[in-house]
Amino acid sequence: MTPALDINYIRKTLRDWGSLKDLADSPLVYLKTVEARHQSAGYSDSPGGHGLALRDVLEKAIEDLRPNEANPDLLEKRWRPYIILNMQYLEGRSPEYIQEQLHISHGTYFAEQNRAFSLLADKLQKSEELLIHPEIPVGQSAIHLKDSPFMAPPYPAFPFIGRSSYLADIKKSLLNPNGAAALALKGLPGVGKTRLLLELAYDVDIRARYPDGILWAGLGRSPDLLALLGSWAAALNIPTDVIAASAGPSDRLQLLHTAIGQKRLLLIIDDAWQSEAALSFKLGGPNCAYLLTTRLPDVAADFACDHVFSIHEMDTDDSLALLDYFSPGLISTDLEQARWLVSSVGNLPLALILMGRYLQKQDQKLQPRRLLDALKTLKTSEHRLALSQAVSALELNPSFPLGTPLSLQAVIGLSDSVLDPAGHQALMAFSVFPPKPVSFSEEAALAVSNVPVQVLDTLVDVGLVECLPPDRYTLHQTISDYARLQNDTPQAILRFINYYADFATRYSRNFDKLDSEINNLLAACQAADQQNQPELFIKLINAIYNYLETRGMYKICQDLLTRALETAIHLEDNDNLATALFNIGDLGIRSGNFPHARQYLERSISICRAENNHELEAENLVNLGVTCMYSGQWRDGFRQLKEALQKDREWGYIHKEGWALSLLGYACMELGLFQEGFNYLDQAFVISRQTGDRRVEGFTHFNRSEIDLYMGNYASARQNADICESHYKFLGDLRGLTWLTYTYARLERQTGNYAAAQRLYEEAHLAFNNLGDGMGLAFSIHNLGRIYAEFGQVDSALAHYDEAQFIFEKIGCFTGISQCYYSRGLLYRQQNNRPEAFQWLTKALELRQQIGAQRGIAKALSNLALLHSQENRPEKGLALAQQAVQIVRPSQAQPCLAYVLTCLGEVCLTINDLPQARTAFKEALQILEDIGQNHLSWEPLAGLARVAVNGGLYNRASSLAADVLNRMEKQKYPAGVWLPEQIQLYCADINSSVAV
């Protein structure tokens, strides 16, 4: 059958019925009947034109499924294929609706649907044959024009699914007059090599290319060459007495060679184990071609040189499609179960077929319990390997005696049986490694198996172990299961654990090395725990924690560290207990659980001091400082970090100083000590470069970017963020990169690019959620709420503030809580809901005063000042606004200064202090223009216009108002004191005043 007419392809194509573009991407579009329809209909040479041609051909083929010209009879079984395909795919009806119309069960429906697809494929195939061989009546194949031998086994009862690319490539080579005469297919046992041969043998184009016949020989491990050559001679109609007279293999080889002569034959040699035997069947003339399958790479190379096709497992989608053919109800009712089954056998076709047939038998008994029991049975590798299927003598593997059922156990056992004791021992040992797609190094293989490298080479040569150049290896899932069930060498497990414990310790800071082995390292952790090797278990976890944390594998870290803590307590091992407590605390910080982190860090410090473990104590002090800062206790955090720095210097831990210095720089930012912060960061740069610590250097650039952002140095902030990004990408620091995404979002928002800011906040939100970083998640949600507020979407903004505040309260992040209070108060003030605004801004101010966040205090004071002015308390408002300016001015935080000056100007307007209002607005405007925040310049400009109105300078006021409105046309959303609509009303009010 033509490869494109695979039932799976037809099913997918019909699902795409409504999209001409998707139809044009179907393999069916290359059918000759479709090409002919495209030309005859005069469709355009575009995806739409080719899609239309395919739709026409399929519609006609479905129409041809009608039993007669009468109206469809829903109760007549003969009509079911036509009705199902027409209603489900052409009309878009659901399977449930059609089942109800046909009065059939779910299982019957899918059985009838599969029958419909088979009938449709036959219709399309006959149309293809008629077009290729127009002189042959419909239904008669071209290959019957001559009386030629055809020795291929019977065509399987189930469809060919998922190997179309292999089939197309091999077929192309066989049909090419200048192609290779000999091709070999190599691959794992059960990977589907023989099925590919069958598909090629039955292919109309191949049989037309080799009209003199197809000869087939299944060799197996111990081929009877004389008998096999004799069967070929008989197929070529050589008289039996002549065959009998050729008593030896060489005589029969010559006899066959002479008989073939110039004939065009395809000679197929299946399941070759020895090169000599395989080469014996290279006996045709110049017009013959050869196909060979083998599980042994050397045999393939000897037979076909470099014309070897490596056949691999199916992909997941094709595996599911194959399983769906046998058990159609499984995927529709339990896709996850089906995916697990596919994964459990590593997408190996033979295993999928055996499982599918097993499920099919249970399903046909119409007892749901039987199917559920079958699925439970397939949960164990022992049962999966033992699944068997009776086959006919023609389908039997040539290595098996007659009557042997087909099973994975038997097929894999053939390869195992050729190994000597050392090879068998090595195969069993390799089962301790996680199976494919995980790989292991040659060094690890030899250490765990304890055999010479030549034994490893043997396992590769017999096809049981796959080689991944240059020096890595992997074991397929089914072979791993086979070996594990027989593994009686616990020494291999201990060698495995010891090797990776040493490897992890040796390369704990070399993440490139750990990247390639992390799955094996995690398997070693599990094995050490299961084999009651507590010291090795803790050694492994402590060695790989930094790697796992950097790569953002928080869930794995949490599970391993919990077990490490329990183990250290049981062993009464204080050093490892302190390390486990520190790591759990560190992970608590990174996942935003600050009370939890502080508890474990303080316990670790207590043990460190009792054991004089100064280095770990210093690390704990740094993390304790971070915990205080992130939870909003900035002054306490600053004090802890200074103590940690002092200890690092006192104890000579220069490589630890960088973290403390960088974090002190960050703390200074919140405390409004910008210059002192820069000094700490400069020292951190020197230390990190001196020690070669790229993570500290990257983190210091991150903190420098944060300070620049608060100061309004946006170009410098972006430059430092970019440098940080290069460091974090080099290290693979997933959490660091996510926080950078958040910082880039803040940069975009501060420079007026609100759409980009929203996109980046959403990206950060998703990444933080996947990581399990509660603080990052809450901050990204909060800032999305601010974007919604600036867009005027009040309900969405408040919902985001609620969600963020809930998370902040849960993790004990008071800085975040105060942000939510403030944002909520700001929004209520902008909505002129003064009672709510007073309540939330007062709460924000009180909490920020406790925290010591100077900029936050100033902004809360400024908004309260506006509220007091609006409530006819101008003196109170003026005092608060002036206090806010006094707090911010020394800090050099220019964006914040512009904000509080704008608020001061607004308060001064309410008491008609025009000189002070003008001065505040002009300074705010100048700052905003200097730092490039032109999108916020509307507010002080509008304030200056109002000053002009109140001072009687009407032309000046009108000019300023026009400038404001002109700027608003270019930038829609501001993030400042007022909402856009309020600015417009402001300007309209000015124009009204001028007109009067």
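Where is the place of N450? Select the loop between α24 (442–449) and α25 (453–461), and N450 is there. Helices (H or I, at least four residues) and strands (E, at least two) are DSSP runs, numbered from the N terminus.

This is a predicted model, in which local features need pLDDT of at least 70 and side-chain atom pairs count only at pLDDT 80 or more, while totals for chains, interfaces and linings use all residues. Residues are numbered from 1 along each chain as its sequence is written, and side-chain values use heavy atoms, with hydrogens and water left out.

**Stop 1**

Remain at N450, a residue other than glycine whose phi is positive, near 60°. N450 has a relative accessible area of 55% and is therefore exposed; here exposed means over 50% relative accessible area, buried under 20%, and partly exposed in between (1.4 Å probe, protein chains only). Next, select N832, which is not a glycine and yet has a positive phi of about 65°. N832 is placed in the loop between α43 (814–830) and α44 (834–851).

**Stop 2: cis peptide bonds**

Select K436 and P437: the peptide bond from the former to the latter is cis, with omega near 15°. P437 belongs to the loop between α23 (421–430) and β8 (440–441). Then move to P469 and P470, which are also joined by a cis peptide bond, with omega about 5°. The loop that holds P470 runs between β9 (466–468) and β10 (472–474).

**Stop 3: the nonpolar cores**

In soluble globular proteins, nonpolar side chains tend to be buried together. A nonpolar core is taken here as a set of buried Ala, Val, Leu, Ile, Met, Phe, Trp, Tyr and Cys residues joined through side-chain atoms within 4.5 Å. Select L174, L291, F430, Y500 and L540, the residues with the most contacts inside the largest nonpolar core, which has 302 residues. Helix α47 (residues 894–910) gives the most to this core, with 11 residues. Apart from this core lies another, of 34 residues; V29, L54, L102 and Y109 are among them.

Now centre the view on F430. Beyond its neighbours within four places in sequence, F430 is in contact (heavy atoms within 4.5 Å) with F440, A445, S449, L456, L459, V465 and L475.

**Stop 4: buried residues in helices**

Select L341 in helix α18 (residues 335–344). Its relative accessibility is 0%, so L341 counts as buried. With neighbours within four places in sequence left aside, L341 is in contact with L323, L330, M355, L359, L375 and L378.

Proceed to T815 in helix α43. T815 counts as buried because its relative accessibility is 11%. Not counting residues up to four places away in sequence, T815 touches M629, S631, G632, W634, F779 and I851.

Then select T567, in helix α30 (residues 554–571). At 7% relative accessibility, T567 also counts as buried. Its contacts, leaving aside neighbours within four places in sequence, are P534, F537 and I538.

**Stop 5: the second largest pocket**

Which residues are the closest to the centre of the second largest pocket? Select T194, D270, E395, L396 and N397, which hold that position among the 47 residues that line the pocket. A pocket is defined on a 1 Å grid over the protein atoms alone, as an open set of points where a 1.4 Å probe fits, with protein on both sides within 12 Å along at least five of seven lines; lining residues have an atom within 4 Å of a point. About 1200 Å³ of space lies in this pocket, where grid points are joined across faces, edges and corners and the volume is the space filled by probe spheres set on the points.

To display the lining by element, select α9 (193–201), β2 (214–220), α11 (225–235), β3 (266–272) and α19 (349–364), each of which supplies at least two residues. By class, the lining has 31 nonpolar, 8 polar and 8 charged residues. In this scheme Ala, Val, Leu, Ile, Met, Phe, Trp, Tyr, Cys and Pro count as nonpolar, Asp, Glu, Lys and Arg as charged, and the others, Gly among them, as polar.

**Stop 6: a cysteine**

Finally, select C820, which is in no disulfide (a pair of cysteine sulfur atoms within 2.5 Å); the nearest cysteine sulfur, that of C813, is 9.0 Å away. C820 has 0% relative accessibility and so counts as buried.
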